[in-house]
Amino acid sequence: MDSEFIVSVYVVKLLFSFGLPLCKQLQKERIDLKEAVDLTKDIVSELKSMRSEYDNEFNKIFLQAKAMAVKMDIELTVKRLNKRQTNRANPLSDQKMDAETYYKITVFIPYVDYFITELENRFLAHSDIFKGFESLFSSNVILTEVEETSFKKLVEFYQPDVENLDILLVELKLWRHKLSRSSYTVSKSALQALIECDANLFPNIFILIKILCTLSVSTTTPERMFSSLKRIKTYLRNTMSEDRLNGLTMLAVHKNVHIDTEEIINELAKKPRILDFIL
């Protein structure tokens with residue numbers, strides 16, 4: 001077995017342990033952008049802290065890989081180095097390089113940097129959109145200049161759905177006054193804020209929070225829908241109509257919804273039938 005493979009397994013194990021909470025969060029049915037972005041920021045912060053202390057972190061990983069190599073009767077060795085190498089990493093130095101230093105440069109640091117970059121590109125790219133929404137979750141009554149500028153851009157972007165900026169700024173100040181009271185706590189998620197926001201008192205704030213709740217974070221729901229379609233529309237059911245397919249799919253996806261059999265029978269009885277519908 002290759003020495004690089006053993007080291008890579010332990011590096012990936014560590015990185016995936018950081019991504020596991022986010023993975024579980026994205027598999028939930030009720031997720032929103034605020035929770036995903038906040039969790040991703042925490043993960044990226046921890047990874048960057050680990051990246052700055054890469055000597056100590058990789059030393060722990062290398063000891064684990066070395067113990068596994070001893071069990072498998074394998075010696076962790078450095079790959080052959082030469083002046084010209086294009087198919088793999090080839091760090092050259094004047095001093096002799098040991099296995100720990102070699103795999104730290106060629107495996108650990110590139111893995112960590114790539115993992116951080118992918119998280120930032122996938123999730124933190126939403127932070128520009130999210131800056132305008134962050135002002136809805138602050139209990140500070142006074143609006144800062146940065147918050148007001150971000151909120152103006154947010155209102156301009158969703159202008160057809162909300163009223164003008166002056167009315168929204170007044171609603172925002174009243175909404176933050178409500179959050180600043182001792183009897184109210186700042187919502188940790190957009191779904192919680194949507195429940196607490198009164199649509200009659202704060203109609204435009206309610207619309208903005210509803211928009212935040214509908215912003216897609218992952219593709220879990222469409223994937224579940226396709227999985228249900230694969231089980232329903234089989235080879236023997238390939239000729240069913242679209243209405244029947246939609247109905248069976250909704251039944252398969254929303255299994256927790258209670259169905260009243262009497263209501264279904266009454267609905268079927270309204271349609272003309274060749275034979276009498278007798279119970």
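Predicted model: local features only at pLDDT ≥ 70, side-chain atom pairs only at ≥ 80, totals over all residues.
User: Which residues touch the most other members of the largest nonpolar core?

Analyst: The largest nonpolar core has 32 residues. Val11, Leu47, Phe58, Tyr103, Phe108 and Leu119 touch the most other members. Helices H1 (3-26), H2 (33-52), H3 (54-71) and H4 (99-122) each give two or more residues to this core. H4 supplies the largest share, 10 residues.

User: What does valine 11 touch, not counting residues up to four places away in sequence?

Analyst: Valine 11 touches Phe58, Ile61, Val107, Phe108 and Tyr111. A second, separate core holds 26 residues, including Leu143, Cys197, Ile205 and Ile209.

User: How many salt bridges does a search of the whole structure find?

Analyst: Side chains of opposite charge can pair when their charged atoms come close. The search finds 6 salt bridges here. In one of them, arginine 51 pairs with aspartate 113, with the closest N and O atoms 2.8 Å apart. Arginine 51 lies in helix H2 and aspartate 113 in helix H4, so the pair ties together parts 62 residues apart in sequence. Arginine 51 is partly exposed, at 25% relative accessible area. Aspartate 113 is also partly exposed, at 30%.

User: Where do lysine 152 and glutamate 148 lie?

Analyst: Both are in helix H6 (residues 145-157), 4 residues apart, so about one helical turn separates them.

User: Which residues make the nonpolar surface patch of about 320 Å²?

Analyst: Leu251, Ile259, Ile264 and Leu268 make this patch. Isoleucine 259 sits in the loop between helix H11 (242-253) and helix H12 (261-269). Isoleucine 259 is partly exposed, at 41% relative accessible area.

Conventions: Residues numbered from 1 in each chain as written. Heavy atoms only, no water. Patch = residues over 30% accessible without salt bridge, like charges linked within 9 Å, V, L, I, M, F, W, Y side chains within 5 Å. Areas by Shrake-Rupley, 256 points an atom, 1.4 Å probe, with all protein chains shown as cover. Salt bridge = Lys/Arg side-chain N within 4 Å of Asp/Glu carboxyl O. Buried < 20%, exposed > 50% of the residue type's maximum accessible area, 1.4 Å probe, protein only. Core = buried A, V, L, I, M, F, W, Y, C linked by side-chain atoms within 4.5 Å. Contact = heavy atoms within 4.5 Å.
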